[in-house]
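Biologist: Could you walk me through this one slowly, and begin with the terms you use?

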Amino acid sequence: MPIQIIVGAQWGDEGKGRIVDWFAAHADISARYNGGDNAGHTVTVGPHIFKLHLLPSGIIHPQVTAMLGNGMVINPRTLFEEMDILSQSGISTSPGRLRISYAAHLITPSHQALDKALEAARGKENIGTTGRGIGPAYTDKATRRGLRVADMLSPDFQERLGDHVAEANRTLQMNGAPALDPAPICAQYREYAERLKPYVADTSLELAVALQAGRNVLVEAAQGTLLDLDFGTYPFVTSSSTTAPGALTGLGLGLDAARSARVTGVVKAFQTRVGSGPFPTELAGDLAVRLRGTGSNPWDEYGTTTGRPRRVGWLDGVLLRYAIRINGVTELAVTKLDVLSGLENINLCTAYRRDGRTFTDLPFGPSDLGPYQPVYERFSGWKEALSEARKWEELPPAAQVYLDRLAGLAGVPIRLVSVGPERAQVVERA
C-alpha cells in the first residue's frame with residue numbers, strides 16, 4: 001500500500017491535525033518526520049480538544065501506531081506532558097503504540113535559552129521564532145555536535161550533556177544572557193532517559209517492514225511549505241524540511257516508497273501566518289478581525305504553540321501553485337471554509353503584478369515578495385452556515401463556485417472540505 005503524506009500548503013496552521021485525524025481512521029501507522037514542539041496540531045473530538053505538538057495526530061485513533069522520525073528534534077519534557085494528557089483521556093501511549101527513532105535529536109534547556117537569547121540579540125531583525133529551541137537543536141545537528149535519542153541510553157550521556165550545557169553557556173554569556181546550572185538539567189534528563197528507553201526503535205526499519213506488508217502508513221508534516229528551510233520565505237522560515245520529499249529523509253525511507261505516494265496538500269480557505277516575513281495578500285482592520293476571530297474559541301486564528309494572533313489575508317493562488325509543484329501534491333483538503341460564511345465578497349489572488357508585468361508563477365521562489373502586488377478575482381459570498389453540510393451538493397452554489405475556481409487554479413482536485421472544527425464536519429468529494 002502506498003504512503004499518504006499530509007503537508008501544509010501555506011505558512012503552517014492550515015488545519016493539518018484534523019485532516020490527519022480524518023485519514024487516520026483507516027491508517028495503521030501515523031508518522032511525523034520533521035520539526036519539534038514548534039508545531040501545533042489540534043484535533044476536536046466531541047467535548048475533547050487535543051492540542052498536539054510532537055505526537056502525530058493519528059494517535060487519537062486506537063488502532064494506529066505512532067512514530068517520531070529521525071528528522072525530528074524532540075523535547076522530552078513536552079513529549080511526556082503530551083503522553084500524560086492523552087493517557088488521562090484514555091488514549092494509550094504505551095511502547096507498543098509509540099515508537100521513537102534512535103536518530104532523532106534532543107532539545108535541551110540550553111537550546112531553548114540559546115533560541116531566546118539569539119532572537120533577542122537580533123532586535124528588529126528577529127525572525128519570529130517560537131523560542132522552543134528548534135533552530136539551535138538543528139544547528140547542533142548540522143555541526144555534528146548534537147545529542148540524539150540513542151545517546152540517552154549510553155553510559156557517558158551525563159558527561160556529554162554536561163559538556164553540551166557548558167558549551168551553550170559560553171554562547172549565552174557572550175550574548176549577555178545568564179548561564180545555566182548543568183546539575184538539575186543532568187538530573188532531569190537522567191529520569192527522561194529511563195522513561196524513554198522502551199520507546200526507542202529503528203523506526204526506519206519498522207516502516208520499511210510495514211510498507212512491505214501492505215500496511216497503511218500516514219505521514220504528517222509539521223509547519224507548512226512556505227516555512228521550508230530551502231523553499232520557504234527565507235530567512236523567515238523554520239529549520240527543517242517541511243515539504244513532502246522531506247518525508248523520505250525524515251523517516252529513513254527509500255525512493256521506492258515515493259513511487260506511488262499520495263500527497264494531500266492542506267490549504268486554508270484564506271491565508272494566515274505567524275511571525276515576521278512577507279505576506280502579499282495580508283489584510284488589516286475590521287475584515288482582518290473578522291477572519292481572525294477574537295480568540296474566545298480554540299479554533300480562532302491564534303497560534304496553537306505560541307498563542308500569538310495570526311496575520312490573515314486572502315488566499316494566495318500564486319503561492320499555492322508553487323506549493324503544489326514543490327510537494328507533488330495530488331489532491332487538496334480545504335479547511336475553514338465555514339469562516340467565510342457571511343462575507344459579501346471574497347477575493348482570490350490569481351497572479352502578481354510588478355513594474356507593469358503580470359506573473360502567474362514566482363520568478364525566484366518566495367523569498368522576495370515585497371515588490372509584488374496581488375491580482376485578485378472577486379467572488380460573491382454566501383450567507384448560509386456550512387456546519388451541517390456533509391455532501392458537495394449541500395454547499396451553497398457560491399461556495400462551490402469559489403472552490404471550483406480554487407481547484408482549477410491549483411491544477412489538482414479538492415478531496416476534502418472542512419466546515420467546522422469537529423471531527424465529523426467534513427465534506428468529502430468523490
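Modeller: Helices (H or I, at least four residues) and strands (E, at least two) are DSSP runs, numbered from the N terminus. This is a predicted model, in which local features need pLDDT of at least 70, side-chain atom pairs count only at pLDDT 80 or more, and totals for chains, interfaces and linings use all residues. Residues are numbered from 1 along each chain as its sequence is written, and side-chain values use heavy atoms, with hydrogens and water left out.

Biologist: OK, where is Lys-336 found?

Modeller: Lys-336 is in the loop between β15 (331-335) and β16 (345-354), and its phi is near 60°, a positive value in a residue other than glycine.

Biologist: Is Lys-336 buried or exposed?

Modeller: Lys-336 counts as buried, because its relative accessibility is 17%; buried means under 20% relative accessible area, exposed over 50%, and partly exposed in between, with a 1.4 Å probe and protein chains only.

Biologist: And what about Gln-223, where does that lie?

Modeller: Gln-223 lies in the loop between β10 and α8, its phi is also positive, near 60°, and at 9% relative accessibility it counts as buried. Most residues other than glycine have a negative phi, and most peptide bonds are trans.

Biologist: Which residues does a cis peptide bond join?

Modeller: A cis bond joins Tyr-234 and Pro-235, with omega about 10°, and Pro-235 is in the loop between β10 (217-220) and α8 (246-251).

Biologist: Switching topic, which residues touch the most other members in the largest nonpolar core?

Modeller: That core has 61 residues, and those touching the most other members are Leu-320, Leu-332, Leu-337, Leu-340, Leu-395, Tyr-402 and Leu-403. A nonpolar core is a set of buried Ala, Val, Leu, Ile, Met, Phe, Trp, Tyr and Cys residues joined through side-chain atoms within 4.5 Å.

Biologist: Which helix gives the most to this core?

Modeller: Helix α11 (residues 397-410) does, with seven residues. Apart from this core lies another, of 33 residues, including Ile-74 and Tyr-199.
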